Structure formats: C-alpha cells, structure tokens
Amino acid sequence: MNLQNLNLDIRTAVITATVLLFFFAVLAFLGGFRAIQAARKIRFFRLRQQGMVRGWRLVFMSFLFIVFGIVTTSYAEPVAYSIFPPTATSTLTPTVTLTPTITLTPTISPTPTVTETPSQTNTPTPSPTPSFPLAVETLFESTLVPNPNSIFSDFTFAQGIDEDYAPINASTVFTNPVGHLYAIFSYDQLIDGVQWSALWYREGDLVHSETFPWDGGTGGIGYTDWEPSPDVWLPGEYTVYMYLYLDLFQTGTFTVVGDPPTPEPTLTPTITLTPSVTPSPTPTITLTP
C-alpha cells in the first residue's frame, strides 16, 4: 500500500466521522431545544415534565457528540496509524490520457421575479393571566401545599348536567338568556384539604368566584358553576381559572352573545289607611229617690 494513499484514506475517514458527529450534535441540540419549547406550552404538568426531560436529554446527547467529535479529531488518526502502520511502496508514474471535452451550449436563464414582502407583520399578543385577587385569598381556610402532579382536564362548558355529571347543551358559545352555566372537568392526584378556587372573568373583570378546602378525593369528575340573575350575563368572552392554593392548574374560555333580558320592575304594594268613625257612648240617667 502506498504511504501517501494510506494517509489520505485515514485522514478522509477521520474528517468524515468528525463532520458526521458535529452534524448529529446540531440535530440533537435543535431537537432538544424544540422539545423544550413545545413542552413549556403543554398545560398538563406530567406531560410538560416528560417533554422537558426528553428535550434536555437530546441537548445532553448533542454535547456528547461534540466531545466525541473533538476526541476523534485529536486522537483517531494517530491511533489508526498505530494499529495499521503504513509501508512505503514504489510510486507509479501515471500516464496522461487525453479525453475529449464536450462544449456546452449556453441556455437562456429565466429572469427572476420580485416577490413583495409585507412591511408589517401583525403578531397576536397572548392574554396575560390576572393576579390572584386578594379579596378571595383572604377567604382561604387551608395552607396545605398542593401536589405538583395534580391534573385537571380541559373544561366542558354546559347549561346543565345529569346525575352522572355528563354535560347537557355543551358548547363554547352561548346565546342569552344563558341561565345556569357549568364548567365540568375531570381530575386526578388531588389532596383533600388543599385550598381550591375557581375564578370567572369577563373581559378581564372578576364576575364570580368560589373557594373552599378540597373534599372531592384524589380523582373523579367535578364542576364549578354560576347562576346569576339573567341581566348579569353580559355579552363578551369569559375565562375560568382553576387554582390549587395560589398555583394555576387549568383555564378555559367561552363566549356569550346577545343582549341579556331586561329585568322586570317589581311592584311594591302600598297600604292606604281609611279612618273609621267610632260612636261615642250615650250616657244613661239614673234617678235617685
């Protein structure tokens, strides 16, 4: 084997292996970064935690690929020469063979067209989560720390429920008169005694709240409801926030359309007193002999 050819083959293999390792490192890092970004948007804690672990695992693998690439670049070639020592052989003198060349005929390239780029891009801004109201916090009866693995399902909004907590007339858009409205959910891994709160907002204003120590067990189906007077259901977007102590665990939105009914005036009866004539007693005359 020629000494120059052996050097070229081993060096090429080392360079190729290094490039592949760094390529895999970039892919692993990008995959981990996207997995972490996607996990942060997951509402459920357990799924979010699993996504974060998978993302950081890919990031760690990318650093391992980088370390392997550096080691390969620094030590792979000397180790290969120690295992396969090159031997010098005579070098053959190549003979030049003339190869006819093909003359290419130029072709007309199409004229590029200009693509208009919009000057402004409207990016929707997310609605901020309101801070926990102090007026509701003062009603707390428990200070137990909630289980971070507690899970709430998405809300199902309905105008009624049956005996099995199944929704009746479920929707996300309700037309006035709304009446009694339920936000139904399933839950798991809760702890009895932890302060539970449900806050109902309309266009950022708190319109209804309830809070009490949780007594529904570790898992099952529950709901939070509201039944105001018909004229209180103003049209707009409503958001329900679910808290365990001061930690937000679930949110859901629905919309009310149409004007609420006008409350009927209440008639108040008035009592009119009519004076009555009381006859005066007629004196009697008693004759004394």
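Hi everyone, let's begin in the middle of the protein. The largest nonpolar core here has 24 residues, and the ones with the most contacts inside it are F152, F185, W196, W200, W233 and F254. Four strands, β5 (181-188), β6, β9 (236-244) and β10 (247-257), each supply at least two residues of this core. Please keep in mind that this is a predicted model.

As background, nonpolar side chains in soluble globular proteins tend to be buried together.

Let's take F185 from that list. Which residues does F185 touch, leaving aside its neighbours within four places in sequence? Its contacts include F152, F155, W196, W214, I221, Y223 and M242, along with S153, D154 and T224. There is also another core, lying apart from the largest one, with seven residues, among them V136, F140, Y201 and Y243.

Now to the aromatic rings. How many aromatic pairs does a search of the whole structure find? The count is 24. I'll show you two of them.

One is F23 with F24, a tilted pair with 6.0 Å centre to centre and 55° between the planes. F23 is partly exposed, at 46% relative accessible area, and F24 is partly exposed too, at 38%.

The other is W196 with W214, also tilted, at 5.8 Å centre to centre and 55° between the planes. This pair links distant parts of the chain: W196 sits in strand β6 (residues 195-202), while W214 is in the loop between β7 (205-213) and β8 (220-226), 18 residues apart.

Are these two tryptophans buried or exposed? W196 counts as buried at 1% relative accessibility, and W214 is buried with a relative accessible area of 7%.

Key. Residues numbered from 1 in each chain as written. Predicted model: local features only at pLDDT ≥ 70, side-chain atom pairs only at ≥ 80, totals over all residues. Heavy atoms only, no water. Phe/Tyr/Trp six-rings, centres within 6.5 Å; stacked < 30°, edge-to-face > 60°. Buried < 20%, exposed > 50% of the residue type's maximum accessible area, 1.4 Å probe, protein only. Core = buried A, V, L, I, M, F, W, Y, C linked by side-chain atoms within 4.5 Å. Contact = heavy atoms within 4.5 Å.
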